[in-house]
Each structure stands twice: as C-alpha cells, then as structure tokens.
Amino acid sequence: MKAAPARAQKLLSERGIASRRHAEELIAAGRVTSRGRRIAIGQKVAPDAPLEVDGTRAATAVAHRYVLLNKPVGIVSTARDERGRRTVVSLVGARERLYPVGRLDADSEGLLLLTNDGAWAERVLHPRFGHEREYEVDVEPEPTAQQLAALRRGVQLEEGVGTLYELRLVAPGRLRLVLRTGWKRQVRRMCAAVGLRVARLRRVRMGPLSLGALPLGKWRELTKQEVRVLLNGAWPGRAKPGPAARRTKR
C-alpha cells in the first residue's frame, strides 16, 4: 500500500533538516523546492518526494545525532548567521546538518542541545512534557526580600505571567531558578521587571541532563538512555514543586 502524502515541513523535520517550526519558516521564505517547484506552506507531497533547501537536496534518510554543548558567551544559537558570527553548530563541527533545540541568547552560556532529529526536538521543546530548565543567574544589585517575593509570585510579560518552578538565593547576588517555559529572554525580562539586572546567565540543567564537569565550549553525545528519557518527558527522581511553584499557584 502506497504511503499517504505528508506535509513538507513534517518531512523536512523527519529528514533532519530542521525542526518543524523552522521548516515552516524555510518554506514561508520560499527556500524549499521539489523538482524545481517552490513548496507552499501546508502543501503535501509524497513521503519519498525530493526536497531541496536553497537548492541542496535533502536526504530521504539520515542517521540521527543528539549532542549536549556547553555554550560560551558570544556564540549564537543558530545553524548559520547572516552577520557572520560564530554559531553553536560550528563549535560542534558536525558533517550532519545539526541545529539547536531551542536557544540561548548570545550573551548567555551553558547547556544547549543540538540534533538533526526534528520530531525529537519538537517533543523535547513542547510545554506539555514539562522539561525543566535550571539557570544560575548573577544579578545586580543584591536582590531584596521584596524583589525575590515578586519573582516568586510571577511577573507579567507579553506572553502571559512568567512563573518560577523554584527560586533560591545561593550566594550574594546569585540565584538558582527553574522554569518550565522557554520564552525569549524570559529570565532577563523577569529580573528587569523587579529592578534587577542580569550580569551573567548560565543554563545548568534541562530535564534530567546537567552540564556536570563538561568544560565551556566542549560537547558530548547523549546516551541512548538520555535520548529516550527526554523523549518520554519523565525521569526517575524528578523533583517535586519547590517553594516558588507553590507560592505562585495560590
């Protein structure tokens, strides 16, 4: 039985070219073709149809890779940069067409995942799977009890109320906080809303994955178990909601 046609963005994701969301952006920009004809958003094609991005043929089958990088400041979280800045993909130097799973600002550092498995990336990023993102944040000036309380209550942002799953003051001017959303520059905007400036932001954990002793600028492959656990959206020993979450939900 012949396989049913599928949306082009889904096929690009499955072939490791980009996440489904990024694939939609490529199609909207007119950069995706099939046999010389431009693909439209939502257009369905045969599962084995040839697809080209910027004229380069996308392979119909790829070996998937999953990489954990300790991103330094000054590196952009994209596969390529129109301004010529160094990218996270160039740090890994892979032959495969990897792309970041989510983003870290150029002025932020820490844990970032890269893959060429679009379906896996979409699942990892989806809010319903609740993958926590833990950050170590240096702020100025020294936060007051009132500012910490305001962060714990939640901060109104354009997307909605930004809430913290956990918040701890671990040293003078240094916070440890946990999010379950990945809105653009969310930590910086939440801190700014209560009068704090972020001097340094470092992501130290995503779901069950931690940076550990991985040096800045280095990377490692994920294990099969790590890939599987992130896909399932749950892991043994998962922490219960901390004080920030309980206070926010009242």
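Student: Which elements each supply at least two residues of the lining of the largest pocket?
Tutor: They are α2 (20–28), β8 (99–101), α4 (118–125), β10 (133–140), α6 (186–193) and β15 (197–206). Helices (H or I, at least four residues) and strands (E, at least two) are DSSP runs, numbered from the N terminus.

Student: And the largest share?
Tutor: That comes from α2, with four residues.

Student: Before we go on, what should I know about the model?
Tutor: It is predicted: local features need pLDDT of at least 70, side-chain atom pairs count only at pLDDT 80 or more, and totals for chains, interfaces and linings use all residues. Residues are numbered from 1 along each chain as its sequence is written, and side-chain values use heavy atoms, with hydrogens and water left out.

Student: Back to the pocket. How many residues line the largest pocket, and which lie nearest its centre?
Tutor: The lining has 48 residues, and S77, P100, G102, R103 and L104 lie nearest the centre. The volume is about 1800 Å³. A pocket is an open set of points on a 1 Å grid over the protein atoms alone, where a 1.4 Å probe fits, with protein on both sides within 12 Å along at least five of seven lines; lining residues have an atom within 4 Å of a point. The volume is the space filled by probe spheres set on the points, which are joined across faces, edges and corners.

Student: How many of the lining residues are nonpolar, polar and charged?
Tutor: There are 19 nonpolar, ten polar and 19 charged. Ala, Val, Leu, Ile, Met, Phe, Trp, Tyr, Cys and Pro count as nonpolar, Asp, Glu, Lys and Arg as charged, and the others, Gly among them, as polar.

Student: What about R203, buried or exposed?
Tutor: R203 has 4% relative accessibility, so it counts as buried. Buried means under 20% relative accessible area, exposed over 50%, and partly exposed in between (1.4 Å probe, protein chains only). R203 sits in strand β15.

Student: What does R203 touch?
Tutor: Leaving out residues up to four places away in sequence, R203 touches R103, L104, E109, G110, L111, L112, R133, E134, Y135 and L211. Contact means heavy atoms within 4.5 Å.

Student: Where is T78 found?
Tutor: T78 is in the loop between β7 (66–71) and α3 (88–92). T78 counts as buried because its relative accessibility is 17%. Beyond its neighbours within four places in sequence, T78 contacts T87, V88, V89, P100 and R103.

Student: New topic. Which residues of α6 are buried?
Tutor: Q186, V187, R188, M190 and C191. The buried residues of α6 pack against several elements, including β10, α5 (145–153) and β15. After α6 comes G195, with a positive phi near 90 degrees.

Student: Which residues other than glycine have a positive phi?
Tutor: D54 is one of them, with phi near 55 degrees. D54 lies in the loop between β5 (52–53) and β6 (56–57). R35 also has a positive phi, of about 55 degrees. R35 is exposed because its relative accessible area is 64%.

Student: Where is there a cis peptide bond?
Tutor: One joins E140 and P141, with omega about -10 degrees. P141 lies in the loop between β10 and α5.

Student: And the whole protein?
Tutor: It has eight helices and 17 strands. Of its 250 residues, 48% count as buried.
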